[in-house]
Amino acid sequence: MKIFLTRLNACGFFAAAGFWSLVALYLIALCADLLIPYPYDLQMRDRAFHPPIRIHIMEKGQVRIPFVYQSTLIDPVGKKYQEDTSQRYPIRLFAQGVERKMFGFWKTDRYLFGVSEPAGIHLLGTDMYGRDIFSRIVCGGRISLSISLIGVILSFSFGMLTGGISGYFGGVIDQIMMRATEILMVFPSFYLMLSLRAIFPLSLSSVQIYLLIVVILSFIGWAGLARIIRGMVLSIREEEYVLAARSVGVSHWRILFFHILPNTFSYAITAVTLAVPGYIVGEAALSLLGIGIQEPYPSWGNILASTVGNLRILSDAPWMLLPGLAIFFVLVNFNLLGDALRSVFDPKNW
Amino acid sequence: MKRLIAKRLIHLLPVLLGMSLAAFFIIQAAPGDFFSQMALNPEISPETISLMKQEFGLDKPVAVQYLYWLKNLALGNLGISFSYHLPVTTLIRFRLLNTLSLAFFSMMLSWLIALPLGVFAGYRERSISDRLSSAFAYLSISMPSFFLALLCVYLASKTTFIPIGGTRSVFDIDAGLWSRFVDYFKHLLLPGLVLAFVNIGWLFRLMRNNFIEAYGSPYIRAAWAKGLPVPQIIFRHAFKNALNPMFTILGLEIGSLLNGAALVEIVTNWPGMGSLMLDAVLSQDLYLVMGSLIIGGVLLIAGNLIGDLLLMANDPRIRLS
């Protein structure tokens, strides 16, 4: 781990920045419940399409604890809000709010930060039901980031297993596997994703949908890796240490799992890192089209969903596009980290 | 050369067959008998249903059904769409034209920008302009196409420079051919630019790396030693060799463009294959899903074939072997 970090730092500022940003993002997603100012599904109908709140620190030339004003709806049709500057609502730590269950079991009415009613602290605005976008993005990150990670791990374990078996044993298994991957790769993956989704009913429970997306994404993803791992195993199989292991009586499976496959790890880890963006986009795309994660559960894709084909929402409430920025940020970091890993694992750079 | 193409085409047959089998079984696995659903629909006459049942042999076992479907596929009949009440082939023909023009436009644009930029950045490796264009490539690779499309729709809605959605404006149905073309092109601009932007990044990186590799080869040093003029070394020797891997990419590109285009089409409301496919999935319009899947696969295979042919045209070593 220490060697890894030194090498990563040697790859330059951006590589390290990518790595640490991802660590931070996953930590945020992990303790999402601690950070949000409102439950992600709390509807405040009187505050629909509230723009991102302005946080003030000055009043009448005096510096104050950061505070917000209460804003009132002055135009219910055009969703225009006006600040009522008669009273300040300072931002409090561990503020009291609606009671909720943190992490699913811990009942509490405290939030890391907040303001007292009737003011609201909507850092990134609210959606059409008056739900806090900031809370939804933070909680949505939990789903978007975990789906992509689980999906990638699943498809890569399967890809390495099938690629390894078919490269090491060859013969009929190899033929069948390779024809299967060929057929899978002939379909444009987006079309395949949609038609695989069509096999299952459109309305499922949220857990079922979560699992379904994981399975669909990994089903599409494993073929490419299996083919590359197969190629690598084909050449590693001929190495002399494999022959040596064989001559002292090591079994085929042990050779495959302990002598050959570990040699493909450095490639696989890089490939995993560069594959995660595809899974994140895949989940977001399914949710964006309304056939992925369903309301009221937030995911980065389904927050964006309400803007698709709805010019009014798009032009009146552009802050609804912010989850896209979150996706972009994660993708940049994964690409930076993937490129860095490629040069870390490249023997030419040692 | 002709024999090589013929050989490739023959090799494709089992893949196509396997593909159709896979598509068929994906559809068979879908729940619900769609004929019972159709029977509930007063718009569809019982005659249509019995005709379709006969045509596709749907009262027979699954294996026979597949053969019927294959026979219809070979005759160019992909069945009838339940929700549009039109033959799937008619539906796909219109949508395919839109998707292909979108894909062609964005492909031309992205290649015309990415290749020269790649050569330029590769020639001046590690210079400021190289770093800047690499940073731009990062931006382009990491940008989710649907997000960029939404952003562009937002900007377009604020400025009204370019139209959003559809393929033509409402008012000029009777306009001349040229103004109709211009109108179509204007509508194509938004999805086309978005798709081109997200496509440039990885093409640029590939081209740059290929060029750097080709430029470092001994034959380039030989060319310098001969005293050839610089443009000739760059374009005739380095560029032409760096281009070879790109032709393989061109083949794969068609597939990735279909994927990318689908999402952008849906978000920008461009009536192409992507939105057709989504509609089909949402309304469980099974023959339409199957037809789109097959057409998508065929396009991908065709793309690979074109890539191979171009590679053969550019590289005499492959032609001879």
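I count residues from 1 along each chain as its sequence is written, with chains lettered from A and ligands numbered from 1 in the order in which they are written. Since the model is predicted, local features need pLDDT of at least 70 and side-chain atom pairs count only at pLDDT 80 or more, while totals for chains, interfaces and linings use all residues.

**Interface.** I looked up the contacts between the chains (C-beta atoms, placed from the backbone, within 7 Å). I found 36 residues of chain A in contact with 40 residues of chain B. I then listed the elements of chain A that give two or more residues to this side: helices H5 (171-186), H6 (189-199), H10 (265-288), H12 (311-316) and H13 (322-345). Helices here are DSSP runs of H or I, at least four residues, and strands are E runs of at least two, numbered from the N terminus. H6(A) gives the largest share, 9 residues. By class, I noted 26 nonpolar, 7 polar and 3 charged residues on the chain A side. Nonpolar covers Ala, Val, Leu, Ile, Met, Phe, Trp, Tyr, Cys and Pro; charged covers Asp, Glu, Lys and Arg; the others, Gly among them, are polar.

**Sheet in chain A.** I traced an open antiparallel sheet of 3 strands, ordered S1-S2-S3. Strands pair if DSSP finds at least two bridges between them. S1 (56-59) and S3 (80-90) of chain A are the edges; each has a single partner strand, so one side of each lacks a neighbour in the sheet. I counted 3 bridges between S1(A) and S2 (residues 62-75) of chain A. Glu59(A) stands opposite Gln62(A) in S2(A).

Definitions and conventions: Two residues are in contact if their C-beta atoms, placed from the backbone, lie within 7 Å.
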